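Subject: Structure handover and notes

Hello,

Here is the structure for you to take over. My notes on what was found in it follow below the display.

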Amino acid sequence: MDLISGLALGIETAITAEALLFCFLGVTVGMFIGVLPGIGPLAAVAMLLPVTYHLEPMPALIMLAGIFYGAQYGGSTASILLNLPGTSTTAVTAIDGYPMAKQGRAGVALFITTLTSFFGGCFAIVLLMSFAPALGAMALKFSSAEYFSIMLLGLIAAATMSLGNPVKGVVSVVAGLMLAMVGMDTTSGQLRYTFGILELQDGLNLVAMAMGLFGVAEILKNAGTPERDASQLQKVRMRDLVPTRKDLSQCWKPTIRGAGIGSFIGTLPGAGPTLAAFLAYALEKRVARDPSRFGRGAIEGISAPEAANNASTQAAFIPTLALGIPGDAAMAVLLGAMMIHGIQPRPEFFTEHADLFWGLVISFWVGNVMLLVLNIPLIGVWVRILTIPKRILFPAVTFFICVGVYSVNNNPFDVLMVIVFGLIGYLMNAFQYPTAPLLMGFILGPMIEQHFRRALLFSRGDLTTFIDRPISAAFLAAATILFVATLLPSLKARFTKTAAARKTREGAGAE
């Protein structure tokens, strides 16, 4: 299907009353969640996942996707006004956004972040339209060996490229793969690691796990933090939003660079918008004529990261739809939502579900326009939302999480799972183990196992089939290089630290 035919099909599918309604609901809820510090888009997507069970696949995915990229727009509000990032991706925005607010330029900062977010999202949508079908057509030549190898590469990338210690990222991925083995083996029918618990025969509940790891855990982590001081909030008037010509001239080049970086990072499994925002900020600081301006209210310091994180969010759909490999944890939840609706993202997706793909593309355009139109007039509303006290907000969110997960199967066991995974997520955050790789390992685990078994079945148990095929061998080589190049410095630093501590103890003992 050519581009014109695809766009026509997408307009016919997405420009309906139902699709527009759920797109509007998705982006509005996403902005609302993005504004509130301490919750994040993943919790919102997980909370509303049960609602989509009662919808058709198209409006369900449009709404969930709208929540995901809508949160990137709203997240900058708290960063600029209170120095409290609404999401982790907007933490970089606070570095220069908050100083601009203290200088009385909060309105300009909010306006610039809205414009650059819109540009970054549109830039990545064009890439999605151009490259995702081509990548899917190329992947039609893949066998089970290639699928296993590229999924393994995706998991290693998710573990090693996530922010933090790569060793802990690998541990999280392995834990996710182990959790994916719970339940009935689809090949032999044998029960695995159920420990006699009847509710575990069908495996762990994805919704309960996502809600616990990214909803309850975030609430527990932020419950003990001090209450936000609403008296610090500035009143933002419409006339305060107008940027000067100098502001626009300073931000257009960083916006383009940020969109390019974000689009590239978004296509990498496991990288995510947070890494894209940090890289875009670091690049602008390096190429700036006066780097000392950064951290004091440089407008480049908010335009580049905002363009990057929104571009990364949209570009993450490319590997998810073309190869079935989620770009980050939110994409993993969306991938799970597709599988629940009987849709398996794979190369055939663009022909078997052409209406769904092009409908999503058009909905992205519509959603970004909605966000551009809504975000600026409603800035005053978002500022007022920041005054909601945590003692009201967090219990309400917890209540809706429990109701939502219970409504899936009407089973109290799922509520217990939410609590268990909430505690697990809280402990992982406390000990700085990333939770996103765990969820990606859990979702990709069954597919990796399936393709591994199928490849060995076709080769009659010959493991060399994974290196005999050139594409599979290339993916395995890339995974090995990435694994060694990332983990070796961490392990070397740890051994050096241990050796230095041992010498210190030996020297103290000799004295």
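Which residue's side chain meets that of Glu-146 in a salt bridge? The partner is Arg-469, with an N to O distance of 2.7 Å. A salt bridge here is a side-chain nitrogen of Lys or Arg within 4 Å of a carboxyl oxygen of Asp or Glu. Glu-146 sits in helix α7 (residues 144–160) and Arg-469 in the loop between α21 (465–468) and α22 (470–510), so the pair ties together parts that are 323 residues apart in sequence. Glu-146 is buried, at 3% relative accessibility, while Arg-469 is partly exposed, at 33%. Buried means under 20% relative accessible area, exposed means over 50%, and partly exposed is in between (1.4 Å probe, protein chains only).

Before the rest, some background. This is a predicted model, in which local features need pLDDT of at least 70 and side-chain atom pairs count only at pLDDT 80 or more, while totals for chains, interfaces and linings use all residues. Residues are numbered from 1 along each chain as its sequence is written, and side-chain values use heavy atoms, with hydrogens and water left out.

Overall picture

The pLDDT is the predictor's confidence in each residue, from 0 to 100. Its mean over the protein is 80, and 88% of the residues reach 70 or more. Confidence is lowest in helix α17 (residues 379–385), with a mean of 70, and highest in α19, at 90.

The protein has 22 helices and two strands. Helices (H or I, at least four residues) and strands (E, at least two) are DSSP runs, numbered from the N terminus. Of the 511 residues, 55% are buried. Among contacts between residues at least 6 apart in sequence, 80% join residues at least 24 apart; contact means heavy atoms within 4.5 Å.

The whole structure holds six salt bridges. Side chains of opposite charge can pair when their charged atoms come close. One of the six joins Glu-449 and Arg-192, at 2.8 Å from N to O. This pair links distant parts of the chain, as Glu-449 is in helix α20 (residues 436–458) and Arg-192 is in strand β2 (residues 191–192), 257 residues apart. Glu-449 is partly exposed, with a relative accessible area of 23%, whereas Arg-192 is buried, at 16%.

Glu-449 also forms a salt bridge with Arg-453, whose closest N and O atoms are 3.3 Å apart. Arg-453 and Glu-449 are separated by about one helical turn because they are four residues apart in helix α20. Arg-453 is partly exposed, with a relative accessible area of 33%. Through shared partners, salt bridges join Asp-185, Arg-192, Glu-449 and Arg-453 into one network.

Pro-446 is another residue of helix α20, partly exposed at 41% relative accessibility. Pro-446 and Thr-186 are 260 residues apart in sequence, and their C-alpha atoms are 9.2 Å apart in space.

Packing of α9 on α20

Two packed helices are described by the angle between their axes and the distance between the axes. For α9 and α20 the angle is about 175° and the axes are 11 Å apart. Axes are lines fitted to C-alpha atoms, for helices over the stretch in contact, and angles run from 0 to 180 degrees between N-to-C directions. The two helices, α9 and α20, are therefore roughly antiparallel; angles under 35 degrees count as roughly parallel, over 145 as roughly antiparallel, 65 to 115 as roughly perpendicular and the rest as oblique.

On the α9 side, Leu-206, Met-209, Leu-213 and Phe-214 meet Ala-436, Leu-438, Leu-439, Phe-442 and Ile-443 of α20. The residues of this contact comprise nine nonpolar, no polar and no charged. Ala, Val, Leu, Ile, Met, Phe, Trp, Tyr, Cys and Pro count as nonpolar, Asp, Glu, Lys and Arg as charged, and the others, Gly among them, as polar.

Backbone points to check

Most residues other than glycine have a negative phi. Tyr-193 has a positive phi of about 55° and is not a glycine. Tyr-193 is in the loop between β2 and α9 (206–223) and is partly exposed, at 48% relative accessibility. Gln-432 also has a positive phi, near 65°. Gln-432 lies in the loop between α19 (412–430) and α20 and is exposed, with a relative accessible area of 61%.

Regards
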